[in-house]
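Here's a quick tour of one model, written for someone who likes to know the cut-offs behind the words. Have a look at the structure below, then read on.

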Amino acid sequence: PPAPGAAAPAPPPRTSQPAAKTAPAKPNKPGMPAQVPLKFHKLSNGLQLVMVEDHKAPVVTFQVWYGVGSRDERQGITGTSHLLEHMMFQGAKKYGKGQFDRTLLKNGGQNNAFTTENYTAYYETFASDRLEIAFDLESDRMEGALMDANQLKSEKEVVREELRWRGENSPVGATWEALVSHMFISSSLHWPVGGWPADVADVPRDDVYKHYQTYYRPDNATVVIVGDFDTAGAIQLAEKYFAKLPAGKTFPRNTTKELPQLGERRVELIKPVDTPVVMAGYHIPPAGHNDLYALALLDIILSSGESSRMYQTLVYKDRIAQSVETGMERGRDASIFYALVQPLPGKSAAQAETAMENELAKVVTNGVEARELTKAKNIAQARYVFARESAEGLATEIGTTAALTKPEDYNTYLDKIMAVKVGDLQRVAKAYFGRTNRTVVTLHAPAKKGGK
């Protein structure tokens, strides 16, 4: 790349590189947003490129999505995927300690990364004439990350503090971690993405490096590029920087399946908190299952905005809760639908749980009205469009879809949302909101002396 602060070289001239394949696009339906023109190219070592040219602003986002997350760990090395994410910023063969962020900042770039159960993603956003820098930086750390033992020791402390902030010191975070660990007992979804603190503190450097060598390979990665760039030029840069990297031999996966839940599970957490938290989680199918589209709309109906069902009843009408929330966490192996309530002062966790359960039961018993479904679809469509407003937002949506199913599914999402019928919402509520399929976690403060 150029010297820090200098302009990046122009992309190499077009040659006889294979042209990118374009995903077939359906004609736009009246009132529906245009489909995104996805283009694909695969290197000989298995690296998959997904590209979207968009010249409305001189900005480009470059993202690398690795098919590894906490589901690929085991007891004793939990949290290694997240710890490795931190170490990927601590120097590689070409760009040594501190040079990654320094190079980005001097070229006006922004970057970040995140780890989930299913994937680890890294991204940079630059002015479009700096795209080659992203190729150079990411190819360097895909193969040549240093994993310095002293730096690893330092990053362990950073990660442990992050775990305390997100879990131990956050009432909702602590409730969520307890929920997931009791919903999933036999599978690798049992531990939090950040891992158990003791594992993070004790994992040897060699195990972290082995995790890196195993999963950080081109045939376990998808590069997503969105913005103001030339597709042919990007393919040439990919060949220049990534084609030389060797493919991985194997990508071991945890194969232990979660056993069916045969009855309600209940957990009580007692911590010095000002406001109790009640959270219920339900097992739902993995990403790609058609029922998730109806559940996504049901999530909107239940808790999206002040006109939603749970907000109107629990917050406005009955004055039981100060906040309500529902949501879905999709995964390759399994997904979760959850509901959360934080009661108002003077209201008990038991009252909040009963009110929350009643709202879900209403859908099971009576379904929803057509006008509610229409409104939810409008909200879903608006979210879909707004997420595409920036190169970074669109790339993240495409990358998430690619990591969970396949990138082409991004263009079919809205069609499947619009195909959901009123009866589908009651059907999925009956299928998944049963008592034997749920886990309930209650967090509250210790009882005051005297039993009050």
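## Ground rules

Buried means under 20% relative accessible area, exposed means over 50%, and partly exposed is in between, using a 1.4 Å probe and protein chains only. Arg319, for instance, counts as partly exposed at 49% relative accessibility.

This is a predicted model, so to speak of local features takes pLDDT of at least 70 and side-chain atom pairs count only at pLDDT 80 or more, while totals for chains, interfaces and linings use all residues. Residues are numbered from 1 along each chain as its sequence is written, and side-chain values use heavy atoms, with hydrogens and water left out.

## Helices α3 and α8

Helices (H or I, at least four residues) and strands (E, at least two) are DSSP runs numbered from the N terminus. Take helix α3 (residues 131-144) and helix α8 (residues 231-241): their axes come within 10 Å and cross at roughly 30°. Axes here are lines fitted to C-alpha atoms, for helices over the stretch in contact, and angles run from 0 to 180 degrees between N-to-C directions. Angles under 35 degrees count as roughly parallel, over 145 as roughly antiparallel, 65 to 115 as roughly perpendicular, and the rest as oblique. The two helices α3 and α8 are therefore roughly parallel to each other.

The crossing of α3 past α8 is right-handed, a label used if the near helix is turned clockwise from the far one by less than a right angle (left-handed if anticlockwise). On the α3 side the contact is made by Leu131, Glu132, Phe135, Asp136 and Ser139, and on the α8 side by Ala234, Leu237, Ala238, Lys240 and Tyr241. Contact means heavy atoms within 4.5 Å. By class, that contact of α3 with α8 has 6 nonpolar, 1 polar and 3 charged residues. In this scheme Ala, Val, Leu, Ile, Met, Phe, Trp, Tyr, Cys and Pro are nonpolar, Asp, Glu, Lys and Arg are charged, and the others, Gly among them, are polar.

## Salt bridges

How many salt bridges does the structure hold? There are 23 salt bridges, each being a side-chain nitrogen of Lys or Arg within 4 Å of a carboxyl oxygen of Asp or Glu. Side chains of opposite charge can pair when their charged atoms come close. One of these pairs is Lys240 with Glu132, whose closest N and O atoms are 3.0 Å apart. This pair links distant parts of the chain, with Lys240 in helix α8 and Glu132 in helix α3, 108 residues apart. Lys240 is partly exposed at 48% relative accessible area, whereas Glu132 is buried at 10%.

Lys362 and Glu359 also meet in a salt bridge, at 2.8 Å from N to O. They sit 3 residues apart in helix α11 (residues 349-366), so about one helical turn separates them. Lys362 is partly exposed at 36%, while Glu359 is buried at 3%. Then there's Arg371 with Glu369, a salt bridge at 2.8 Å, N to O. Here Arg371 is exposed at 59% and Glu369 is partly exposed at 43%. Elsewhere, salt bridges that share partners join Glu264, Arg266, Glu353, Glu357, Arg435 and Arg438 into one network.

## Helices α9 and α12

The axes of helix α9 (residues 291-303) and helix α12 (residues 370-386) come within 9 Å and cross at roughly 105°. That makes α9 roughly perpendicular to α12. From α9, Leu297, Ile300 and Ile301 meet Glu372, Leu373, Ala376, Lys377, Ile379, Ala380 and Arg383 of α12. The residues of this contact of α9 with α12 divide into 7 nonpolar, no polar and 3 charged.

Phe100 belongs to helix α2 (residues 99-106) and is buried at 4% relative accessibility. Leaving aside neighbours within four places in sequence, Phe100 is in contact with Phe89, Asn111, Glu124, Leu137, Glu138 and Arg141. Thr116 lies in the loop between β5 (110-115) and β6 (120-127), buried at 16%. Not counting residues up to four places away in sequence, Thr116 touches Gly69, Ser70 and Val193.

Which backbone angles deserve a look? Met147 has a phi near 55°, a positive value in a residue other than glycine. Met147 is in the loop between α3 and α4 (149-168) and is buried at 4%. Arg319 also has a positive phi, near 50°, and is placed in the loop between α10 (309-317) and β10 (321-329).
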